[in-house]
Structures are given as C-alpha cells and as structure tokens.
Amino acid sequence: MTRKLLLTLAIGLTPMLATTACGAASPEAAAPAAAAPAQKSFSAFNATEFATFDEPWAMTFLPDGSVLVTEKAGKLQHLDLTSRAKHEITGGPKVAYGGQGGFGDVVLHPDFASNQLVYLSYAEEGSNNTRGAAVARAKLVLDADGAGALQDLSVIWRQDAKVSGNGHYGHRIAFGPDGKLWITSSERQKFDPAQDMASNLGKLIRLNDDGSVPADNPFASQGGVAAQVWSLGHRNMLGIAFDANNKLWVHEMGPAGGDELNLITRGGNYGYPIVSNGDHYDGRSIPDHSTRPEFAAPKVTWNPVISPAGFIIYSGDLFPQWKGSGFIGGLSSQALVRVSFDGDSAREAERFDMGARIREVEQGPDGAVWVLEDGKNGKLLKLTPKG
C-alpha cells in the first residue's frame, strides 16, 4: 500500500523521529517519557513549569484564571496559578481505572458564570467485566481556600454497549458555538461498531446540554442511540475543536501509519474499519480511502504516526503568527504539532520537539498555550513567546 508523508517541517527546527506503533499495543499505552527541566527554551517559545500531576488527562480554565485538571486514576484537582496551591475537588464520579481507562475530559458549561456547571467524562464499570465511557455534569462549589466539591452529579450520557477491554474510550467533550454538547465516542478496539447504528461506539455524538437529543441531528428519526449520532466510522478520537468559521475538526489515532485529522460534516461516514490510510498492527492491509470515495477522507494523515492527543485551534494575540492554527499534542511523537488551515484544507506546518509525551493542549486567558505532559509526574507547562 502506497503511503505519502504529509509533513512539512519548519526551517530551523530539529527534525523529529515519530515512532509508529508496533505489535498489538497502541501508542496510547506507551511508557511515559523522562522528566523535562523546570524551564526550557524552545525555538519559538519558552516553557515554564507550574505544577506536576499524577497521570493528567485534561484541563480547563475557570473564569478567575485558575485551572481544573483531571488525573486518570480519578481525582479532579484545582490549581491556583498565582499561589501554585493545589486542592482536590471531592464528589467526583467513580472511575474504572486501568489501561487507557479512567478520568477523562473536563469542560465548563457555556453559562458557567451563572450556573457553575462542569461536564466530566470518564470510564465506568459495567457488568461481567465490561466498561464504557460516560459523561456527567455537576455543580462546582469552591471554598475560599481553593478546595471544593462537585454537587448533584448526574450522568447524562453513556457508551452503548459496554464491552470488554481497556482501550479506545475517546470521551473528549466540547461545547459548540450553538451551545450543543459534542462527545467523541471511540470504537473501544472492537472495529465493527463504528459502522453499526445500533451502537454509539465509533461515533461523534451531539446532544443538548442536559443530554437529550436535538431534533435536527441527522439520524434523529431512527431513535435509540442512532439519534445521538452526528458522524460515524471513527476509530479513537482524542481531540475536538471548532475553528473561527465554526467548522468542526476532530483528530483520531488510527491504526499503524493512519493517524487522521478530519473535517466533520453532518451525517458523514469516515470509513473505519472498512478504509484507512494505515494498516492493522499485525500487518494486515486496510484499503485506502481512495478506494472507497463514498467515505469521507481525512484532510491530513500521518505516517509515521504522531499519536495525537489534545487539540486547540488558537485564537489568542500572544502568538499573533499562530492565530487560526491548530495545535495537537503528540504522545509517541513527543511533540507539539502545529496545523495550518486553508478553508476546508489542512496541513502540518511545523512541530516542536517537547521531549515528553503531550497529553493535553489548552489556550489560556492571556493567549498563552498550555500543555500537560502524560504519565506519572506529568508537568503542566505554560508556553510564552521568547523575549
């Protein structure tokens, strides 16, 4: 199978060696990288360490500039960036921790300033040694010292059905410009459910903020879990972001040599596991997207893979040269990858060798770029312009 390397490395950057997954193991499960210095200078920015966390997975900024961080084993931490004080928020869900499973994403309701609602994703136990992703919402009540609790936690969505195994939950969540809730529901390494409308695995989900189904979803008339679905044929989606023109972009960790960045369309089918620009980990071939034009093809593919995790489309002023660019964290590639957009097209513009697996990327209130390293003692780094 012919592959094209769709990578454009910026002049002056140290070339990257991005590793491909091998054997049956996903890059998601690779060992954490070695610790980086507390402060480091890169070609385009300086990185300042603010805290470390135990297997951090996601973060979000509160209106006061402080940060919520999820730790995979089940803790929600609140960090004051001025004092560097860190407090655990109690009242969170019970998570099924193991493999790729555990605490996932955390986002604020668009009206958080008035309702204090936060949304959390996580893996939960089922019966007979099964598991699945879930999304819950709760009211965040903070104490004066920065500690606090989640109150009135309620589950508003679940993967259906729960299955065996500990991989490919996805469960990235985001609110769109129209106030709808979007959830990436990965295929749990089960292949076929991505094309089965009786399951919500391998699908991009669109809901109202209370978990109910919008009447204008493309498959709403089918009822059941199909009504939740916006697009299908996905593998392991670990990043979701809207651009300035309200176009929705989602990246997914593909099979060997098949990581993707997709422009999402209403009712679109992205082809997995029928087509992919990668192959199975055991070496078996998967037909390319070009062989089945009825399936939506990715706008960017990576071979060697980057193992994408975390995603923003930058809108700040601190790095004016990057406004409108996407930033993707790389796990096996240990990189921060910048993507340039041109209408419905995209390409990798440059990448920065971070020397560690990058799990999460966020934009701060002042326009700084923040990243979370993966694994034990994962660092929270603030990226600012040099000088």
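## Basis

The model is predicted: local features need pLDDT of at least 70, side-chain atom pairs count only at pLDDT 80 or more, and totals for chains, interfaces and linings use all residues. Residues are numbered from 1 along each chain as its sequence is written, and side-chain values use heavy atoms, with hydrogens and water left out.

## Chain

Of its 387 residues, 58% are buried (under 20% relative accessible area, with exposed over 50% and partly exposed in between; 1.4 Å probe, protein chains only).

## Largest pocket

The largest pocket holds about 880 Å³ of space. Its lining numbers 33 residues, and T60, A174, F175, I312 and E362 are the closest to the centre. A pocket here is an open set of points on a 1 Å grid over the protein atoms alone, where a 1.4 Å probe fits, with protein on both sides within 12 Å along at least five of seven lines; lining residues have an atom within 4 Å of a point. The volume is the space filled by probe spheres set on the points, which are joined across faces, edges and corners.

At least two lining residues come from each of β3 (56-61), β7 (103-108), β11 (170-175), β15 (236-242), β19 (308-313) and β23 (358-363). The most come from β15, which gives five.

## Residue H171

H171 lies in strand β11 and counts as buried because its relative accessibility is 1%. Leaving out residues up to four places away in sequence, H171 touches W57, G102, G104, D105, S121, Y122, A123, A133 and T184 (heavy atoms within 4.5 Å).

Terms used:
Helix = DSSP H or I, 4+ residues; strand = E, 2+ residues; numbered from the N terminus.
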